[in-house]
Amino acid sequence: MREPAKTPSAARKRYAHFLQLALSCLTTAIWTFGEIDEYSALVTSDDRIRLKREGDLPNLTLEGTQLFEIVPDDRFDGEYRTHTLAYVYTLRYEADDDELISWHWHPLTTPDRPYPHLHVAIDAPDLGTALSKAHIPTGRVSFESVVRFCLSDLAVEARENDWIDIIGDTEARFRKFSSWGGNA
Amino acid sequence: MSALAEPEELDRDDFRALLEKRLQAALGMSVPEFLEALSEGQLDPESPRVAQFAILLARTS
């Protein structure tokens, strides 16, 4: 169901609301958002959101950051939408705070590397290059897909029993309204 | 579904103060120090703990 945003503020709140639905599948933490310079941004309310894992598996932490702008919605007269400009989503081991996986897209701060990519902290000594420094190409990665990865592949305990439906709904919305890379 | 948590909106000053506080805690730097370190190449804008601040602050004057 479409929720028209008639003001920039309404568009910002709508965007944060749907990302919160995804985050709440993992944790009681929330997104905090506001304006910075001419842009808007979202940061997770704690930079070390604890992700409890099943059994005796070591816990992880999640940190999310997004930069975006509010633009007129060309499809609907008098309405506004968000346009994502950058993201960093990072998973760390809780015990030592070492980075495990980090999804990056930051074309404004690294114009020579404008494409989305992934850093993975895996030792591969015979490779001759540090994988954690390598830029593993990805498509555009939605926050929802990171949440799904945590729940379906990393044995993070779900906070919502119906997380599959919640993530499916919010990600379908992401795909429908993304201006690029919505299939990620 | 659990009671719906709602995201928190901060006004411009409070949001900037939050970022400054986190930057200080994470890297021990003020915003001007961070920007100077970035511009002089002392910090890699993609390195852990730096990338998330770089995307938010790197254009700040």
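**Entry 1: helix α1(A).** I take the expected span of a helix as 1.5 Å times one less than its number of residues. The model I am reading is predicted. I applied the rule to α1(A), which has 16 residues and should therefore span 22 Å. I found its end C-alpha atoms 23 Å apart, which agrees. Next I asked which residues of α1(A) are buried. They are Ala11(A), Arg12(A), Tyr15(A), Ala16(A), Leu19(A), Gln20(A), Leu21(A), Ala22(A) and Leu23(A).

**Entry 2: chain A as a whole.** I looked up three helices and eight strands in chain A. Along the sequence they follow the pattern α-β-β-β-β-β-β-β-β-α-α. The radius of gyration of chain A is 17 Å, close to the 16 Å from the globule rule for 184 residues, so chain A is as compact as a globular protein of that length. I noted spans of about 55 × 40 × 30 Å for its C-alpha trace along the principal axes. Of the 184 residues, 38% count as buried. I also checked contacts in chain A between residues at least 6 apart in sequence: 47% of them join residues at least 24 apart.

**Entry 3: the side facing chain B.** I looked up 31 residues of chain A in contact with 26 residues of chain B. On the chain A side, α1 (8-23), β1 (31-36), β4 (60-72), β5 (80-93) and β6 (99-105) each supply at least two residues. The largest share, six residues, comes from β1(A). By type, I get 10 nonpolar, 12 polar and nine charged residues on that side.

Entry 4: Where does β1(A) meet a strand of chain B? Two bridges join it to β1 (residues 8-9) of chain B, and the two strands run parallel. I found Thr32(A) opposite Glu8(B) in β1(B).

Technical notes. Residues are numbered from 1 along each chain as its sequence is written. Chains are lettered from A and ligands numbered from 1 in the order in which they are written. This is a predicted model: local features need pLDDT of at least 70, side-chain atom pairs count only at pLDDT 80 or more; totals for chains, interfaces and linings use all residues. Two residues are in contact if their C-beta atoms, placed from the backbone, lie within 7 Å. Helices (H or I, at least four residues) and strands (E, at least two) are DSSP runs, numbered from the N terminus. Ala, Val, Leu, Ile, Met, Phe, Trp, Tyr, Cys and Pro count as nonpolar, Asp, Glu, Lys and Arg as charged, and the others, Gly among them, as polar. Two strands pair if DSSP finds at least two bridges between them. A residue is buried if 20 or more other C-beta atoms lie within 10 Å of its own, exposed if 12 or fewer, and partly exposed in between; C-beta atoms are placed from the backbone. The radius of gyration is taken over C-alpha atoms; the globule rule is 2.2 Å times the number of residues to the power 0.38.
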